[in-house]
Each structure stands twice: as structure tokens, then as C-alpha cells.
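Hello,

Here is the structure you asked about. Have a look at it first, and then read on for what turned up.

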Amino acid sequence: MDTIRQNVIERLEQVNFLKVRLCSLKLELANAQQDAASVRAISYSEPISKRSGAARPTENTATSLADLDSKITSIQMELLLLDDCLSLLSDVERTVITLSYLNTHKVPMSQIAAEIDFSPAQTYRIRNVALDKLCAMLG
């Protein structure tokens, strides 16, 4: 199997993980924003010893928020790209790819064939054509 095809398959198989990761990052961002809102501003009139070594908590928080936002944006873009590419496949091709790679559990090809009312051999060909199209779009 060529590396482009393997890369596309890996990206498809990671969709569910990315969706879970996205939810987790959004929750983490919401919590961080809430924490940032409650952080007291630094008072430079206080002696350094009272600042307890926290040189710039608001700066660290801003960096953390920007990092989380960047990760969220990256995952959202990947999911949108994959969704756009899948939308360009025929309904049958999309069904085969979805059942083959996007389900939380692998569906046997014989079951996919029964689902779309094609023979297993035709279903393999449909999957390969769909993967070729995805490779051309994502490669």
C-alpha cells in the first residue's frame, strides 16, 4: 500500500479520536478562560516576595489560551477538510468509507456489502475507488 493511501486511511481512522479530542480541548479552554477571568491582576507596587515568584501569570495564561485555541482550530480544520472531501464522494462510496473507517468499530466487508446491496467484490472496488479519490484530494 502506498504511503499516500496509508496516510489517508490513518486520517480517516482518527476522525473519532479527533472529535473526542476537540470536545476535551474546548472544555479545557472554557475552564482556562474561566480561570483567567478570576486571576487577579499583578500589582507592581507589591514587593516581589508577595508575588510568590509568579512572574507573569496573565502572560502565561494568555499563552496557554492561545495554544489551546490553536489546537482547537487545527483539529476543526482537519475535520472540515475530511468532511468536505467525503461530501464529494457518491452516496455509496461515502457509506462504504464511513462503515470501513469512520465507525467506532470496524464493520466487516461482507456486512458493508449487504448494507449497500452489492457483492463483497464490488464493495472492495467501490472502497478502492473512493480511497483513490480521497488520495487525489488529500494527497
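Glu93 counts as buried, at 7% relative accessibility; buried means under 20% relative accessible area, exposed over 50%, and partly exposed in between, with a 1.4 Å probe and protein chains only. You will find Glu93 in helix 4, residues 91-102. Helices here are DSSP runs of H or I with at least four residues, strands are runs of E with at least two, and both are numbered from the N terminus. Leaving aside neighbours within four places in sequence, Glu93 is in contact with Ile126, Val129, Ala130 and Lys133, where contact means heavy atoms within 4.5 Å.

Before going further, please keep in mind that this is a predicted model, where local features need pLDDT of at least 70, side-chain atom pairs count only at pLDDT 80 or more, and totals for chains, interfaces and linings use all residues. Residues are numbered from 1 along each chain as its sequence is written, and side-chain values use heavy atoms, leaving out hydrogens and water.

Now for the whole chain. The protein chain has six helices and zero strands, and along the sequence its pattern reads α-α-α-α-α-α. Of its 139 residues, 30% are buried. Among contacts between residues at least 6 apart in sequence, 71% join residues at least 24 apart. The chain exposes about 9,000 Å², with carbon and sulfur atoms supplying 54% of that area; accessible areas come from the Shrake-Rupley method with a 1.4 Å probe, and for residues only the protein chains shown count as cover.

Helix 2 covers residues 15-38, and its 24 residues should span 34 Å at 1.5 Å a residue. The expected span is 1.5 Å times one less than the number of residues. The end C-alpha atoms of helix 2 are 35 Å apart, which agrees. Which residues of helix 2 are buried? They are Val15, Leu18, Leu22, Leu25, Leu29 and Ala32. An α-helix has 3.6 residues a turn, so residues three or four places apart point the same way. Leu22 also pairs up with Ser74 across the sequence: the two are 52 residues apart in sequence and 9.5 Å apart in space, C-alpha to C-alpha. Ser74 sits in helix 3, residues 57-87, and is partly exposed at 47% relative accessibility.

Next, two helix pairs. The axes of helix 1 (residues 3-13) and helix 4 come within 9 Å and cross at roughly 75°. Axes are lines fitted to C-alpha atoms, for helices over the stretch in contact, and angles run from 0 to 180 degrees between N-to-C directions. Helix 1 and helix 4 are therefore roughly perpendicular; angles of 65 to 115 degrees count as that, under 35 as roughly parallel, over 145 as roughly antiparallel, and the rest as oblique. Ile9, Leu12 and Glu13 of helix 1 meet Ile97, Tyr101 and Leu102 of helix 4.

Helix 5 and helix 6 pack at about 95°, with axes 9 Å apart, which makes helix 5 roughly perpendicular to helix 6. Met109, Ile112, Ala113 and Ile116 of helix 5 make the contact with Pro120, Thr123, Tyr124, Ile126 and Arg127 of helix 6. The loop between these helices holds Asp117, which is exposed at 70% relative accessibility. Its phi is near 65°, a positive value in a residue other than glycine.

Finally, the cysteines: Cys23 is exposed at 55%, whereas Cys85 is buried at 5%. A search of the whole structure finds zero disulfides, a disulfide being a pair of cysteine sulfur atoms within 2.5 Å.

Happy exploring!
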